[in-house]
Amino acid sequence: MRIGGIEAGGTKIICGIGNEKGQIEKKISFPTESPEIVFEKINQFFAGEQLDALGVGTFGPIDVNRKSATYGYITSTPKPGWKNIDVLGELKKQFNMPIGFDTDVNGAALAEATWGSAQGLNSCVYYTVGTGVGVGVFVEGSLVHGLLHPEAGHIPVKRHPADSFEGFCPYHKDCLEGVAAGPAIEKRFGVKGHELGKEHEAWQLEAYYLGQALVSTILLLSPERIILGGGVMHQEQLFPLIREQVRSTLNGYVQHQMILEQIDQYIIPPALGDDAGLCGALALGLQEYKAGR
Ligand code: ADP
Ligand code: ZN
């Protein structure tokens, strides 16, 4: 089986072809320019390829409600030129096959549940901590949509007493994304995260905020795994700090061995590494194919 995948990010698009095992055969990447240029490049990449399904994991906000007139659209994004763009409709003009469509992070959660760190489990939550914070939610075997789709990157967090940075979210200032995404680190300390030493106080702050978000996630959804990806999570020293923050905040309340004894296998990096997003698109294509749509 051959599946096409499109991972659409705010800065770059990755297109690839893979199979039902999540193995990638080839891929390319190009900048997220205007929709006209992007659709042209997508068509060029897949031209002449024999595919059984296509999957799209995209930045948002997007419309994932199949009953909606704007299903398959990127909706209220602030990204210039991309507001109210019918992504699925454009692709359907070119590709006559099942096409899966969801957020990039829901795709990544599904891919990790299908092939990666949460393989065989019925639930997992996927966080990406990069230019923003995005959260994909896979519960009882399904991706969660609800009203729109989860936007847990914007949940409120309690401020660290020593943190005077006001936060950079244009809607909420100091929501999780506003204080913990890559740009928050850069604005707070004046240099990019990868230039800070492993012992820098930035990582304690980062763990303080991400740990709170994970506690809320655990209490609300009780996921079987929490996977943390994205550029900022390349700082591997964050994992033990976040796990400690989660354990100390929960304070023994959630009596499960995954938290009490095996938290290092519970809060983990993506097994699919930096391919989690593209594999997410493949997994969305595979899901659509299997559903017979
Ligand atoms: P995007 O969110 O655009 O898909 P990334 O996940 O790579 O891309 O996130 C980019 C953000 O992550 C930037 O703010 C960048 O400074 C930060 N970042 C990338 N790599 C690292 C790193 N190794 N350590 C700390 N921060 C990083
Ligand atoms: Zn926000």
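How do the residues of the lining of the largest cavity divide into nonpolar, polar and charged? The lining holds 12 nonpolar residues, 1 polar residue and no charged residue, where Ala, Val, Leu, Ile, Met, Phe, Trp, Tyr, Cys and Pro count as nonpolar, Asp, Glu, Lys and Arg as charged, and the others, Gly among them, as polar.

This is a predicted model, in which local features need pLDDT of at least 70, side-chain atom pairs count only at pLDDT 80 or more, and totals for chains, interfaces and linings use all residues. Residues are numbered from 1 along each chain as its sequence is written, chains are lettered from A and ligands numbered from 1 in the order in which they are written, and side-chain values use heavy atoms, with hydrogens and water left out.

**View 1. Lining of the largest cavity.** The volume is about 80 Å³, taken as the space filled by probe spheres set on grid points joined across faces, edges and corners. On a 1 Å grid over the protein atoms alone, a cavity is a set of points where a 1.4 Å probe fits but cannot get out, and lining residues have an atom within 4 Å of a point. Ile-6, Ala-8, Val-56, Trp-82 and Val-87 are the closest of the 13 lining residues to the centre.

**View 2. Donors of the zinc ion (ligand 2).** His-154 (ND1), Cys-169 (SG), His-172 (ND1) and Cys-175 (SG) lie 2.1 to 2.3 Å from the zinc ion; donors are N, O and S atoms within 2.8 Å of the metal (3.2 Å for Na, K and Ca). Their spacing along the chain is H-x14-C-x2-H-x2-C.

**View 3. Accessibility of Cys-169 and His-172.** Cys-169 is buried at 4% relative accessible area, whereas His-172 is partly exposed at 40% (buried is under 20%, exposed over 50%, partly exposed in between; 1.4 Å probe, protein chains only).

Methods: On a 1 Å grid over the protein atoms alone, a cavity is a set of points where a 1.4 Å probe fits but cannot get out, and a pocket is an open set with protein on both sides within 12 Å along at least five of seven lines; lining residues have an atom within 4 Å of a point.
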